[in-house]
Amino acid sequence: MSAVTTRPPDVRLPEAVARTPRKRWTRFILPTYVTAFILYLSFPIFIIILFSFNQTRGGFGTSPRVKTTWLGFTTEWYGRLFDLPDLTASLEHSLVVGVLSALAATALGTLLGLALARHRFRGRGSADFVIFLSISAPEIVLGAALASFFVALGVSRGFGTLFLSHTLFSIAFVTVTVRARASGLDRSLEAAAMDLGATPATAFLKVTLPLLAPGILAGFLLAFALSMDDFVISQFTQGPFQMFPTWVFGSTRVGIPPHVFAFATIIFVTGATLALMLALMSRRRG
Amino acid sequence: MERPVQPDLHLIAPKERRPRRSSAPYLLSSPALLWLLLLFVIPMFAMASLSLQEGTSLEGFRQTFRFANYTDAIAENGDFLLRSLRNGAIVTIAALLIAYPVAYWIAFYGGRFKSVFLFLLLLPFFISFVIRTVAWSFILSDDGIILGTLKSIGILPETYHVLGTTFAVIAGITYNLVPFTILPLYVSLEQIDHRLVEAAKDLYSSRRQAFLKVVLPLSMPGVFAAVLLTSIPAIGDYVNAAVLGNFAPGTAMIGNVIQTEFLRNRDYPEGAALAFVLMGVMVVGAVIYAKLLGTERITEG
């Protein structure tokens with residue numbers, strides 16, 4: 001201890017009580033609260049998984065509906081996942097639109113993110129502003145604007161309009177993600193490659209792009225997740241081309257088929273496992 | 001007095017290193033900006049134009065610059081707008097109160113397990129929010145695991161219900177948005193230097209004073225962001241009112257009206273006018289809020 005911070009031994013601190021550790025039971029209030037909160041957040045997930053194993057009863061020729069009470073354990077719905085053609089089609093639609101729009105948004109957003117991170121150019125401020133607006137605009141306003149646009153053009157809504165719209169709302173998120181990665185990169189690495197005789201193109205492909213890759217991958221996954229989860233924009237731009245969330249929403253009026261919960265459980269387990277693996281891999285790499 | 005002659009360094013430097021005025025940034029940015037222009041900026045103008053038109057979906061719409069669409073829309077749907085703003089305010093305050101202690105504890109006491117806690121907070125996002133909302137309608141249903149159990153024990157009367165009430169709608173929106181409240185709070189709390197808190201305690205502040213005078217003020221940028229990230233989607237939400245409110249009288253929000261006008265009634269001008277009114281209210285609210293909270297320091301954070 002240095003001389004400056006050493007207190008004269010005889011001086012008593014006033015209100016020494018304030019420094020004593022907290023009373024024993026109050027120490028547990030916050031951790032207990034956080035645990036309770038996390039249970040609350042995941043409670044619907046438990047219910048979805050639980051009720052995907054719930055039996056149904058009755059139903060005269062109609063497709064089964066999940067009951068709100070527990071009727072008994074069954075794995076029936078996992079064996080009959082693809083029984084409802086409309087539901088299966090809506091999932092396919094969501095996956096196809098999700099992958100394609102995420103690819104398009106990743107391509108466009110990566111380029112824009114690079115431009116914003118490394119170049120000062122005319123219109124940079126307005127580009128920034130438009131990106132900010134497209135992220136912060138309320139979904140219902142964005143959906144209504146897109147619907148107005150397609151109505152005004154006389155375009156019938158379907159796969160095409162969904163792809164255009166999903167790509168649109170994902171671009172800003174990819175841009176922000178890639179830009180954050182790109183502005184953290186040491187540009188002298190690229191310069192070093194060129195000093196060692198690489199052409200600008202080679203330096204970009206062999207040095208910059210691999211360094212950007214985690215940002216680009218994160219952007220793609222974010223865009224895909226946003227597209228899969230999107231409800232509002234889809235509802236306004238899909239026309240008769242149903243997506244998974246909008247199909248589920250439509251079926252709430254008559255009752256949810258148990259297949260929906262089975263699919264949701266599979267998607268949840270797959271997604272959470274993949275995310276966990278990615279997180280562990282990136283941690284191991286340091 | 002004589003200065004040494006400065007060599008013209010830029011003449012020696014290799015050509016490539018000089019900042020080039022290149023077309024690269026324009027080539028890189030134009031595809032995305034074109035997409036944003038065509039599918040974000042222009043649609044906003046299309047909606048503005050549509051909001052001033054007259055007609056029906058069968059006969060077509062004509063541009064008549066009928067500004068009365070706006071006054072009509074407000075007069076007919078003022079109740080829904082006010083209810084949405086009230087619900088949004090309640091959700092925002094509730095989410096802040098629920099989220100702050102969680103963000104605080106993870107940021108200050110999460111230790112090595114911070115990323116584990118963050119992962120747990122993001123877990124619900126792996127299931128579509130529509131399905132999570134449906135799950136709440138199961139949990140809160142009249143004979144579901146909570147109400148059904150309480151009724152069979154006899155704590156609640158048989159007629160008691162939660163679905164179809166404003167409470168269910170507000171609780172549902174709060175559930176959906178509380179992760180978006182936590183994340184900005186966590187980011188700003190995580191950046192606080194713990195030594196500042198220790199310094200406060202060294203200067204004989206109590207725990208409460210250290211929190212109120214040091215931690216809380218330093219986390220205000222996070223609170224600012226959290227309020228915006230929570231209130232804007234809360235005011236515009238219409239899924240919870242549909243799934244948990246069951247369209248019971250007094251539960252529908254402005255989003256439900258816009259959705260119905262666009263997708264069921266096909267009264268596009270009224271829907272468009274309402275969407276603009278909603279956006280206008282939000283923009284004005286956000287600007288006033290930013291002004292009230294005041295400093296540039298906050299908007300930077």
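T68(A) lies in the loop between α1 and α2 (76–79) of chain A, in a model that is predicted. The residue is partly exposed, because 19 other C-beta atoms lie within 10 Å of its own, and a residue counts as buried once 20 or more do so. Leaving aside residues up to four places away in sequence, T68(A) touches F138(B), S141(B), D143(B) and G144(B). From T68(A) to A180(A) there are 112 residues in sequence and 46 Å in space, C-alpha to C-alpha.

**Chain A as a whole**

The secondary structure of chain A consists of eleven helices and zero strands. Read from the N terminus on, its elements follow the order α-α-α-α-α-α-α-α-α-α-α. Of the 286 residues in chain A, 38% are buried. Among contacts in chain A with a separation of 6 or more, 78% are made by residues 24 or more positions apart.

The domain assignment divides chain A into domain 1 (25–66 + 73–84 + 258–286) and domain 2 (87–256). The centres of these two domains of chain A, taken over C-alpha atoms, are separated by 27 Å. How many residues of each domain take part in the contact between them? Seven residues of domain 1 of chain A meet six residues of domain 2 of chain A. On the side of domain 1 of chain A that touches domain 2 of chain A, five residues are nonpolar, one is polar and one is charged.

**The contact between the chains**

The contact between chains A and B draws 66 residues from chain A and 64 residues from chain B. Several helices of chain A each supply at least two residues of the side that touches chain B, including α1 (29–51), α3 (85–118) and α11 (258–285). The helix that gives the most to this side of chain A is α1(A), with 14 residues. By class, the side of chain A that touches chain B divides into 49 nonpolar, 14 polar and three charged residues.

**Helix α4 of chain A**

Helix α4(A) has 13 residues and reaches 18 Å from its first C-alpha to its last, close to the 18 Å expected at 1.5 Å a residue. In α4(A), the residues A127(A), I131(A) and S134(A) are buried. Seen down the axis of α4(A), the buried residues fall within an arc of 65°, so they line one face of the helix. An α-helix has 3.6 residues a turn, so residues three or four places apart point the same way. On the other side of α4(A), the residues G125(A), S126(A), F129(A) and F132(A) are exposed. The buried residues of α4(A) pack against α3 and α6 of chain A, together with α2 (24–50) of chain B.

**A strand pair in chain B**

In chain B, strand β1 (residues 53–56) and strand β2 (residues 60–63) run antiparallel and are joined by four bridges. A hairpin of three residues leads from β1(B) to β2(B).

| Residue | Partner in β2(B) |
|---|---|
| Q53(B) | Q63(B) |

Notes:
Residues numbered from 1 in each chain as written. Chains lettered and ligands numbered in written order. Predicted model: local features only at pLDDT ≥ 70, side-chain atom pairs only at ≥ 80, totals over all residues. Contact = placed C-beta atoms within 7 Å. Nonpolar A, V, L, I, M, F, W, Y, C, P; charged D, E, K, R; others polar. Pairing = 2+ DSSP bridges. Expected span 1.5 Å × (residues − 1). Buried ≥ 20, exposed ≤ 12 C-beta atoms within 10 Å, placed from the backbone. Arc of directions from axis to C-beta. Domains from an automatic or database assignment.
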